[in-house]
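Dear colleague,

Please find below the structure that I am handing over to you. My notes on it follow directly after.

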Amino acid sequence: MTTIRFDHVGVAVADLDRAIAFFTGLGLELEGRMSVEGEFLDTVIGIPDARTEIAMLRPPGGGTALELSTFERPDHQPDDPGAMATRTGLRNVCFEVEDLHATVGRLAGEGYGLVGGIGQHEDVWLMAYVRGPEGVIVSLAERIG
């Protein structure tokens, strides 16, 4: 078996509008929103009588999508919003940005703080983890070399 392409990453949230605003603020573009329920969803996620609303976002020009979903049925189950990068499971999504310091400053003004600090890897990358909506760790990277 061969993987054809990496299509999307899914993140479940309680407040879909807030999450969309955060990620469109990073420059992703909203492709669309839709509700899904019925046999297909029940079969795929293994939860009978489920209903979800999803939003698909992509970087300008295409690429791997970010699927944000909120569950209307059953109620969503909160994760630990303070979980650190060492916790097992999907811990962060990473986006390359043009000006890391300006992006971090803007997000801080919106109430999204750094998990740690801004680090530099050799003369190639600046990187920071920001605690995004509902505790999702968003890794931001700027290529400097």
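The notes below take up salt bridges, the nonpolar core and the pockets in turn.

The model is predicted, so that local features need pLDDT of at least 70 and side-chain atom pairs count only at pLDDT 80 or more, while totals for chains, interfaces and linings use all residues. Residues are numbered from 1 along each chain as its sequence is written, and side-chain values use heavy atoms, with hydrogens and water left out.

Salt bridges

Nine salt bridges are found in a search of the whole structure; the term stands for a side-chain nitrogen of Lys or Arg within 4 Å of a carboxyl oxygen of Asp or Glu. Arg33 pairs with Glu53 in this way, with 2.9 Å between the closest N and O atoms. This pair links distant parts of the chain, since Arg33 belongs to strand E2 (residues 29-37) and Glu53 to strand E3 (residues 51-58), 20 residues apart. Helices (H or I, at least four residues) and strands (E, at least two) are DSSP runs numbered from the N terminus.

A salt bridge also joins Glu37 and Arg51, at 2.6 Å from N to O. Here too distant parts of the chain are linked, with Glu37 in strand E2 and Arg51 in strand E3, 14 residues apart. Glu110 and Arg106 form another salt bridge, their closest N and O atoms lying 3.0 Å apart.

As to accessibility, buried means under 20% relative accessible area, exposed over 50%, and partly exposed in between (1.4 Å probe, protein chains only). Arg33 is partly exposed at 38%, as is Glu37 at 43%. Glu110 counts as partly exposed at 43%, and Arg106 does so at 33%.

Nonpolar core

A nonpolar core is a set of buried Ala, Val, Leu, Ile, Met, Phe, Trp, Tyr and Cys residues joined through side-chain atoms within 4.5 Å. The largest has 27 residues, of which Phe23, Leu26, Leu68, Phe95, Val138 and Leu140 touch the most other members. Among the elements that each supply at least two residues of this core are strand E1 (8-12), helix H3 (100-109) and strand E8 (137-143). Helix H1 gives the most, with five residues. Apart from its neighbours within four places in sequence, Val138 is in contact (heavy atoms within 4.5 Å) with Phe22, Phe23, Leu26, Val93, Phe95, Ala128, Tyr129, Val130 and Gly132.

Pockets

On a 1 Å grid over the protein atoms alone, a pocket is an open set of points where a 1.4 Å probe fits, with protein on both sides within 12 Å along at least five of seven lines; lining residues have an atom within 4 Å of a point. Points are joined across faces, edges and corners, and a volume is the space filled by probe spheres set on them.

The largest pocket has a volume of about 480 Å³. Its lining comprises 22 residues, with Val11, Ala12, Asp79, Glu134 and Val136 nearest the centre. Strand E1 provides the largest share of that lining, three residues.

The second largest pocket holds about 200 Å³ of space. Among its lining residues are Val36, Phe40, Thr52, Glu67 and Phe71. Helix H2 (39-45), E3 and E4 each give two or more residues to this lining, and H2 gives the most, with four.

With kind regards
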